[in-house]
Amino acid sequence: MNKWLLLAAAILLEVTATLSLRAAVDHPGWYALVAAGYISAFVALTYVLRLGVGVGVAYGIWAAAGVALTAILATIIFGDPLTGVMALGIGLVIGGVLCVEIGSQAAHAKQAAHTQEGHI
C-alpha cells in the first residue's frame, strides 16, 4: 500500500477515535470505537514507518493533520469553538510540519549526493 495513503488512514483513524472519545462522555458505547480507532491508528503508523517514512515526518504530519481535522470537525459536530487565534495556531502547526518535511527532503538529497560522490 502507498505509504502516504496509509498515513492518511492513520490520521483519519486517530481523528475518529478522538471525536468518539468526545461522544463517549455522554454515551459510553462510543468507547469501543475509541479503543479500536487508537489501536488501528498506531498499527497504521507503524506500517508507515516500516515503509521508510522518517518518524519526525510521519509523526509531524500525523499530529498536525490530526489537530487541524479534530478542531474543525469538533466545531462542526459538537459546536466547539474555533477562534481566529486557534486557526492561526493550526496554521502555524501545519507550517512547522512543512518545514520538517522540506528539511527532511533536503537532508536526503544531500546524503544521496554525498553517497554518490564517494562512489565515483
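Predicted model: local features only at pLDDT ≥ 70, side-chain atom pairs only at ≥ 80, totals over all residues.
Residue numbers start at 1 in each chain and follow the written sequence. Local features need pLDDT of at least 70, side-chain atom pairs count only at pLDDT 80 or more, totals for chains, interfaces and linings use all residues, and side-chain values rest on heavy atoms, with hydrogens and water left out.

Let's start inside. Helices here are DSSP runs (H or I, at least four residues), numbered from the N terminus.

Val53 touches Lys3, Trp4, Val48 and Ala58, setting aside neighbours within four places in sequence; contact means heavy atoms within 4.5 Å.

**Helix against helix**

Two packed helices are described by the angle between their axes and the distance between the axes. The axes are lines fitted to C-alpha atoms over the stretch in contact, with angles running from 0 to 180 degrees between N-to-C directions.

| Pair | Angle | Axis distance |
|---|---|---|
| α1 and α3 | about 40° | 9 Å |
| α2 and α3 | roughly 145° | within 10 Å |

The angle makes α1 oblique to α3; oblique is what remains once under 35 degrees (roughly parallel), over 145 (roughly antiparallel) and 65 to 115 (roughly perpendicular) are taken out. α1 passes α3 in a right-handed crossing, meaning the near helix is turned clockwise from the far one by less than a right angle. On the α1 side the contact includes Trp4, Leu7, Ile11 and Arg22, and α3 brings residues including Ala58, Trp62, Gly66 and Phe78. The tally for this contact is 18 nonpolar, three polar and two charged residues. Nonpolar covers Ala, Val, Leu, Ile, Met, Phe, Trp, Tyr, Cys and Pro, charged covers Asp, Glu, Lys and Arg, and the others, Gly among them, are polar.

α2 and α3 also cross right-handed. Ala41, Phe42, Leu45, Val48 and Leu49 of α2 meet Val55, Ala58 and Trp62 of α3, which gives eight nonpolar residues, no polar and no charged.

**A buried serine**

Ser20 sits in α1 (residues 3-24). Ser20 is buried, at 3% relative accessible area, where buried means under 20% (1.4 Å probe, protein chains only). Beyond its neighbours within four places in sequence, Ser20 contacts Trp30, Leu33 and Val34.

Methods:
Helix = DSSP H or I, 4+ residues; strand = E, 2+ residues; numbered from the N terminus. Buried < 20%, exposed > 50% of the residue type's maximum accessible area, 1.4 Å probe, protein only.
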